[in-house]
Amino acid sequence: MPQPDAPRSTIDAEEVAKFEAMAAEWWDENGKFKPLHMLNPCRLGYITDQIAAQFGRDLSARQPFDGLRILDIGCGGGLLCEPMARLGAEVVGADAAPRNIPVARLHAEQSGLEIDYRHTTAEDMAAAGERFDVVLNMEVVEHVASPIDYLTACHDLLRPGGLHICSTLNRNAKSFGMAILGAEWVMRWLPKGTHDWKKFITPDELFDLLKRAGFTPVDRKGMVFNPISWSWSLSERDLSVNYVTASLRPERVTL
């Protein structure tokens, strides 16, 4: 009998190598991942609000995400996995860069947290039949070889009614100026070449990709940096550089 086709890899080896080289610095708040540390409170606020709304959870409870299974694809050193675990979720962190995993495991152990970190890909996990209530897909889609195949794998990893949260960078002159010239060349927050502006995705393009992958997009907001307060905040209107989306895997249709 013919064997089923292996899942198509969405891994871009050059992109993985960039983050491999920075693996040891994930938890250095003044290191090469300083922009993510500054952004983290803003994106965590969005994530927790969306999960609480979708699953009817009270964020004032001690462990409001108890009973939820959450996957962070492209988990890096675990900057999102650890807060999700503290909120009571069963957390799996997956990353295509093998050097990130021991860093994440060690930090979780030092923090007294149980997190299932794996060196694997979205498509391999989907092919293995893994399923989650929530898939976090933060600042990853602009680094993969095939966004539609990658998002389809993320869709397949969700249970019906599950929530997918995806953030990325818009593609326009402002994002080139801020994310590449500003962050990489002027402020030197990131090594030069970390981002490829041509791979940035506009909000309309991302919504179209999400729909093609089988999702129902339900929300999108900008994440805006204020150089005066030196902080990030969510915006209903300004999606010109960083932005985040929420989508659902539709419930099964019963006839």
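**View 1. A polar contact between Gly 76 and Asp 95.** The backbone nitrogen of Gly 76 lies 2.7 Å from a polar atom of the Asp 95 side chain. A polar contact is a pair of N or O atoms within 3.5 Å; within protein, one must be able to donate a hydrogen and the other to accept it, and residues adjacent in sequence count only if both atoms are side-chain atoms. This is a predicted model, in which local features need pLDDT of at least 70 and side-chain atom pairs count only at pLDDT 80 or more, while totals for chains, interfaces and linings use all residues. Residues are numbered from 1 along each chain as its sequence is written, and side-chain values use heavy atoms, with hydrogens and water left out.

View 2. Asp 95 is in strand 2 (residues 90-95); helices (H or I, at least four residues) and strands (E, at least two) are DSSP runs, numbered from the N terminus. Asp 95 counts as buried because its relative accessibility is 9% (buried means under 20% relative accessible area, exposed over 50%, partly exposed in between, with a 1.4 Å probe and protein chains only). Leaving out residues up to four places away in sequence, the contacts of Asp 95 (heavy atoms within 4.5 Å) include Gly 74, Asn 100, Arg 118 and His 119.

**View 3. Met 138 and the annotated binding site.** An unreviewed UniProt entry places the feature "binding site" at Arg 43, Gly 74, Asp 95 and Met 138. Such positions are given in the numbering used here, feature names are shortened, and annotations may be inferred rather than shown by experiment. Met 138 lies in strand 4 (residues 132-138) and is buried, at 4% relative accessibility. Neighbours within four places in sequence aside, Met 138 is in contact with residues including Arg 43, Ile 47, Ile 165 and Val 244.

View 4. In helix 8 (residues 203-212), the buried residues are Pro 203, Leu 206, Phe 207, Leu 209 and Leu 210. Seen down the helix axis, they fall within an arc of 160°, so they line one face of helix 8; the arc is that of the directions from the axis to the C-beta atoms. These buried residues pack against helix 6, strand 5, strand 6 and strand 8. The face turned away from the buried side carries the exposed residues Asp 204, Lys 211 and Arg 212. Just after helix 8, Gly 214 takes a positive phi of about 105°.
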